[in-house]
Amino acid sequence: MDRMLLIFCSLVSCIIIVNILFRFMEERYKRVFESENFYRFLPVASVLFITWINTFMVPALNMAAHFLLLGFSALFLYSGGKGGRIGRMAEVGAAYIMIAVSESLGMLFFDFLLELTGRTPQNLEILKSMETAFSKLVVLFLYYVVFGRFWKKTGLRTGKQYILYLIMFLYSVINIFAVSAISEEESPLILMMEAGSIIFSNMYMLYFVQFSDERNVYKYQVEMMEQKEKMRYESYEAQLEKYIEAVGMLHDMDKHIRQMEYMYQKNLIREASGYARQIGEILQSFMPVAYTDNAILNCLLTDKAKQAEKKGIVFCVEGFTGDINFMAPADITSLFGNLLDNGIAAAVKCESEKSVRLSVEASHDMVSVRSVNTVRGEVLIKDGMLAERGIGIMNMERCAEIYGGSVMYWQEGKEITCDIMLNRPEEKE
């Protein structure tokens, strides 16, 4: 039974560690060979080899086997990463050390809990199984919740998802303690199978939750792209309307000119001047208002002002002393477009006063963008962020992050303010 227990604990440990480290390499590096079957067989062969090494009960040999096998894989079977081959070996080695330390701390913490509750099994075989199960749960939990967030920074999670991770962990811990409580009534073999089931069910459940997280990332990326394309389409649509109006105006321009010539010939000076002024006002509507020295932003602000006017909203650019020409045109459209769209959408719901005000000011090496709009009621804000964040707000945050800035909301009375800080990039000499 001791031999069986040793093989079981070694096998479980190797499956978890090898699975995590090969997933780590798959996420960070590129495969050298194209054979899918080879990379599927590689973790299986590694688990069997390291499990066999563990049966010799030599810790130094066990650690050396992990370093050599995983280091060899990172060195010759994958490419990319920072620092080339040496960098890959260093990263894999550091990841293995973090996992080994987490495993050891998990065992110590489990022993402490058993001693604290007075539920330490008298059977050493059962104790070893429980320690293995608990330490692997700690490793899995830390990998998916903590370490994985540093290794792969593309995840998108909410507080509810972290609560789900915690519930899964606590549920498994309770199961392990329940198994240890009945350890004197069951055979070690059955208890080992129960412990193994707890570990592997958690491993695949955590993998499923991670898969769901990644799916959410891709979903939001698609939605952001769709919103960007929608904004671009709406811009083209607005330009098309202006083009049609301009074509109609140009088509009748010769008639307008002949009409003014006729008025001057008949000495109808006052009527001709009024007619010319009326034509000038019509032509002026095709020109964007010069709010700033940036042509793209002027077009955007002009369009938003017309949208607000149609909805009965007072739109005002209170001041524009900050230079935003360091921003890419797409970022200007995304940041100011989403900012004003959100403000107009909130203001239009108000029953009485409806207004949107925008200002951009220079502040040392930064640019401060402020939007103030009326709202119908109280808006839930936590730590300067809206509790409900749609794709538009996420696009604004992404733009702010590009320029090392931040987005913050606060409400006072019936008005909500959005402050955006942007860092100007240093000019290259």
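Colleague: How much of the protein chain counts as buried?
Modeller: Of its 429 residues, 41% count as buried. Keep in mind that this is a predicted model.

Colleague: Noted. How many helices and strands are there?
Modeller: The protein chain has 12 helices and nine strands.

Colleague: And the contacts, what share joins residues at least 24 apart?
Modeller: That is 71%, counted among contacts between residues at least 6 apart in sequence.

Colleague: Let's do helix packing. At what angle do H2 and H3 pack?
Modeller: About 160 degrees. H2 covers residues 36-54, H3 covers residues 59-76, and their axes are 9 Å apart. Angles over 145 degrees count as roughly antiparallel, so H2 and H3 are roughly antiparallel to each other.

Colleague: Left-handed or right-handed crossing for H2 and H3?
Modeller: H2 passes H3 in a right-handed crossing.

Colleague: Which residues make that contact?
Modeller: H2 brings Leu42, Ser46, Phe49, Ile50, Ile53 and Asn54. H3 brings Leu61, Asn62, Ala65, His66, Leu69 and Ser73. Seven residues of the H2 contact with H3 are nonpolar, five are polar and none is charged.

Colleague: Now H11 and H12. How do their axes cross?
Modeller: At roughly 140 degrees, coming within 9 Å. H11 is residues 329-347 and H12 is residues 391-402. That angle makes H11 oblique to H12. H11 passes H12 in a left-handed crossing.

Colleague: Who meets whom there?
Modeller: From H11, Asp331, Ser334, Leu335, Asn338, Leu339 and Asn342. They meet Gly392, Ile393, Asn395, Met396, Arg398, Cys399 and Ile402 in H12. The contact of H11 with H12 has six nonpolar, five polar and two charged residues.

Colleague: Switching to aromatics. How many aromatic pairs does the count come to?
Modeller: It comes to 11 aromatic pairs. One of them is Phe109 with Phe134, with ring centres 6.1 Å apart. Their planes are at 40 degrees, so the pair is tilted.

Colleague: Where do Phe109 and Phe134 sit in the chain?
Modeller: In distant parts, 25 residues apart. Phe109 is in helix H4, residues 84-117, and Phe134 is in helix H5, residues 124-151.

Colleague: Is Phe134 buried or exposed?
Modeller: Buried, at 2% relative accessibility. Phe109 is partly exposed, with a relative accessible area of 43%.

Colleague: Last one. Which residues do ring pairs link into a cluster?
Modeller: Phe33, Phe38, Tyr39 and Tyr78.

Notes. Residues are numbered from 1 along each chain as its sequence is written. This is a predicted model: local features need pLDDT of at least 70, side-chain atom pairs count only at pLDDT 80 or more; totals for chains, interfaces and linings use all residues. Side-chain values use heavy atoms; hydrogens and water are left out. Axes are lines fitted to C-alpha atoms, for helices over the stretch in contact, and angles run from 0 to 180 degrees between N-to-C directions. Helices (H or I, at least four residues) and strands (E, at least two) are DSSP runs, numbered from the N terminus. Angles under 35 degrees count as roughly parallel, over 145 as roughly antiparallel, 65 to 115 as roughly perpendicular and the rest as oblique. A crossing is left-handed if the near helix is turned anticlockwise from the far one by less than a right angle, and right-handed if clockwise. Contact means heavy atoms within 4.5 Å. Ala, Val, Leu, Ile, Met, Phe, Trp, Tyr, Cys and Pro count as nonpolar, Asp, Glu, Lys and Arg as charged, and the others, Gly among them, as polar. Rings of Phe, Tyr and Trp (its six-membered ring) pair if their centres lie within 6.5 Å; planes under 30 degrees apart count as stacked, over 60 as edge-to-face and the rest as tilted. Buried means under 20% relative accessible area, exposed over 50%, partly exposed in between (1.4 Å probe, protein chains only).
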